[in-house]
Amino acid sequence: MYKLTSGFETHVELKTNTKIFCSCSNGFGSAPNTKCCPVCIGLPGALPRLNKQVVEFAVKAGLALNCKINNLSYMDRKNYSYPDLPKAYQISQFDVPLCYDGFVELSDGKKIGITRIHIEEDAGKLIHNDEDILIDYNRAGVPLIEIVSEPNIESVEEAKEFAEKLQLIMRYTGVSDCKMQEGSMRCDVNISVSESESLGTRTEIKNMNSIANIRKAMEYEVKRQTEILKSGGKVIQETLGFDEKSGTTYSMRTKEDANDYRFFREPDLLPIHISHEDIEKIRRTIPELPHKKLKRYVADFGIDKKDAELLVKYPRVASFFEEAAYGIKSSKKVANFILGVIFAFLKSETLKEEFDLKISPESLRELVLLTDSGKLNVSKAKLTLEQMLLSGKRAEELLNDDDLRGFDDDSLLSLCQKAIEVNPKTVADYKGGKDKAIMALVGFVMRESKGRADAGKAKEKLIEII
Amino acid sequence: MSEILKLHNMLCSKEISAKELTQKYLSAIKSLNPDLNAYIKISEDEALISADIIDRKIAGSEDIDLLSGIPMTLKDNISTKGNDTTCCSKILEGYKPIYDATAWQRLKSKGAVHLGKTNMDEFAMGCTTETSVYGSSKNPYNKNFVAGGSSGGTASAVSANLAVYGIGSDTGGSVRQPASFCGCVGLKPTYGAVSRYGLIAYASSLDTVGVLAGNVADTAVVFDRIAGFDPMDSTSRPDFSPCAFDFLDKDIKGRKIGVPQELIDRADEDVKYQVLKAIKIFEDMGCVVEFFSMPSLITALPAYYIIACAEASSNLGRYDGVRYGLKAECFESIHQMICKTRSENFGDEVKKRIMLGTFVLSEGYYDKYYAKAQHLRQELKAQFKKVFERYDALVTPTSPKTAFRLCEVEENKEGSFNADLCTVSANLGGLPAVSLPCGKDSRGLPVGLQIIGDKFMENRILNLAKKFEESRGEFGLKDMGVRFDV
């Protein structure tokens, strides 16, 4: 039996206003080389100056991942030469990182250790043209945190959950979008398999750009390593890439040609001091994190765990839900409207993540209150919500007095009786054991009432009479 | 007597216009520079335009700064917007910065007239300017001798009256040693007193922007204007406001001066003689002089070379031909492009230091060299701290020797490393130090006296220097270039 051991190194781009060492704006998607200055393109004589917000965001991320914070840490130079790295060194943190010794708790209670989190600058991007290689330095100097996990991930499922939890916690803290497809979260995955207690030789898969790919790459790599070991071979320590098309990993470089980064203290920057007071101040800015939220939704709102998980999965959805459900009893109904109607309306993951709706949480609350008071039945409300999502209008603007008159029990009774009188064949079918036939009668009631009757109540009443 | 003050008065009284003054300097440069090779680029048009602006201000009876209209020069590693800044290296050929160095920008805002860039050792690595791609500058006192380095061109220009003052850089003595060789005053400020923004880095933890001038008062005037906090340099000190000029004439009676025996012992006889004579003058002025031993001043030299080269190997990594400067013409891969660009366009001394620096930071050697050097540096700093509890300043020779003969260093490399023996400690300690002339050797070459102070005590060392200058009688620059006799 081969056992998997895995650890993650995750780079997360911080959503600060400006870059880490200069005042260039920090944002995704601009014309090439338009967000650059002498500092981030490393012109001779230019000097870095540390953006305070980067330190605050990194500490916030660290606290959210249960880390300890070093009151004194340092910036160091990591020297290597590549055209996308303007100074031929990356300013990073080596031996004394900002945060250390944290964890992420998985749903089964297992804790995946966080060894350290440090801050550093991103590099530019090479763009390969037909003949030329072009460089865009907009990304050079974008602040990153590197989150290094302990190697105590023992299955692909744990790895997947770890990555998802990490992404979600980062999104909740608001320090990053963690959009893997845009590269604002990138994972390097270390993997080894072993038959015994001692660890096997590990390989590292670089720059995974989606959680689905992490899973595919890990499954492939576990299989590959296991097969090598089974046939008596040796796994080579190497850095791998993942080819999405073939679903396989390929070698990028072996241990022999690994860089010697020649780390040393960055002389251009001062040590980073953070007081306990500053740390506590930052701690207070951390919002309720997803695992707590989940428990609260289940316990206080009585929402099913599965539904609660879906709400919590997207920070914007959760905050919309909480606002919409504020002060009303039927929070479960609010959840159902969101997960049913609104999620059906927002088809892709990206749209759900963005949750950019034309309606406000208050509009949804008003709609739910209309159903609570019996003025509007649920099926009509769902149709109304669809119209609201398209038009951005409020429920009351879309519904006329007739719609909102509600439908009293006497009217329902008389309509049900009418349905039974007019459709003797359907009634006979139902009595003969065709359960579905009742729905035809419900349909009749709904048509006659112009949708104002409550379908559920109508069904009950019909069965009662028959 | 302050030359700057004299010229300022002449400008204000319209005895001479800034334009005429500038033209005088430009024509002196044209006649003397071919021999001295102090300037590597002359900015005639820019200088005349700056002078013209000052003349219009004077004509309009506007107040002008002491430095307005005063012709000066910049070492070729101080970034000037739109103007070649090459560190006298082939690799930066044609590089025009898109921004001004803070020190230059501050002087520019005071109306300084920039005559042109002066020669230096390639990337400030050397002590003779002989590693410059433009060839070496000559010593105005004797053209068979070097002007020192790395700010040798700047020292040569100031000494020959081809600029009233110059801005240089000092990483291990590069302002003080050439000042000493050329008989002018050179100030290396406290690390963090003057912004390094725009100074092209050699060794970031040691680099400082310094001043070269004909006398102590001028040095103080310029220092006061370039020093002070700059948000663009994180290592510049936030609460420092310089006022060296106001302290120049303070009484120095009772000041305690320490003389490290190690540095006196290692100086040539001529140098020792002049420095001891100078020390006597301080005693005569009422200072308390004490000889003491500080062995870490000697171990400072290897520590300096290891740290400087390590940082240089990192700082110079960016010259890869991708963004600015020269790029190799033929290559087949990115890797080859970078290799060829660097192999073809860096000089031997620079390559040597990059290799040395890369080595001392490498896995397996870091602890043996770099970590040890850092340890020595910490020890030195700790000792300086104690020393400055006892003394107000230290007095030493600036260089154990007077100027080298041209090509002498080429033949004796070790000798050139030792040339930095007295100066590197101030860089490792981040301390201010000034070199000023105190006599001549038997060949008629100037001898420099160094005064080292505690951090941010520029006031104090310049005060001592000014008093010494007065008491000894002003050394006077060479009788060449632009001279005004009042």
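This is a short walk through a two-chain complex, starting with each chain and ending where the chains touch.

Hi everyone, and thanks for coming. Please keep in mind throughout that what we have is a predicted model. For chain B the average pLDDT is 96, and 98% of its residues score at least 70.

Let's begin with chain A. Its secondary structure comes to 17 helices and 16 strands. Of the 466 residues, 39% count as buried. And if we take contacts between residues at least 6 apart in sequence, 68% of them join residues at least 24 apart.

Now, how is chain A divided up? There are three parts: domain 1 covers 3-282, domain 2 covers 290-404, and domain 3 covers 409-465. Where they touch, five residues of domain 1 are in contact with four residues of domain 2. Which helix gives the most to the domain 1 side? That is helix H2 of chain A, residues 156-173, with four residues. By class, this side of domain 1 has three nonpolar residues, two charged ones and no polar ones.

While we are still on chain A, let me show you one sheet. It is an open sheet of three strands, in the order S5-S4-S15, with antiparallel pairing. Strand S5 (89-92) and strand S15 (264-265) each have a single partner strand, so each stands at an edge with one side left without a neighbour in the sheet. Strand S4 of chain A, residues 76-79, pairs with S5(A) over four bridges.

On to chain B. Here we have 18 helices and 13 strands. The radius of gyration of chain B is 21 Å, close to the 23 Å that the globule rule gives for 486 residues, so chain B is as compact as a globular protein of that length. Its C-alpha box, again along the principal axes, is roughly 65 × 50 × 45 Å. Buried residues make up 61% of the 486 in chain B. Among its contacts between residues at least 6 apart in sequence, 76% join residues at least 24 apart.

Finally, the place where the chains meet. How many residues are in contact there? On the chain B side there are 33, and they contact 25 residues of chain A. Three helices of chain B each supply at least two residues to that side: H11 (296-315), H12 (334-345) and H13 (348-361). The largest share, three residues, comes from H11(B). Sorted by class, the chain B side has 16 nonpolar, ten polar and seven charged residues.

That's my tour, and I'm happy to go back to any part of it.

Key. Residues numbered from 1 in each chain as written. Chains lettered and ligands numbered in written order. Predicted model: local features only at pLDDT ≥ 70, side-chain atom pairs only at ≥ 80, totals over all residues. Buried ≥ 20, exposed ≤ 12 C-beta atoms within 10 Å, placed from the backbone. Contact = placed C-beta atoms within 7 Å. Pairing = 2+ DSSP bridges. Nonpolar A, V, L, I, M, F, W, Y, C, P; charged D, E, K, R; others polar. pLDDT = per-residue confidence, 0-100. Rg over C-alpha atoms; globule rule 2.2 N^0.38 Å. Domains from an automatic or database assignment.
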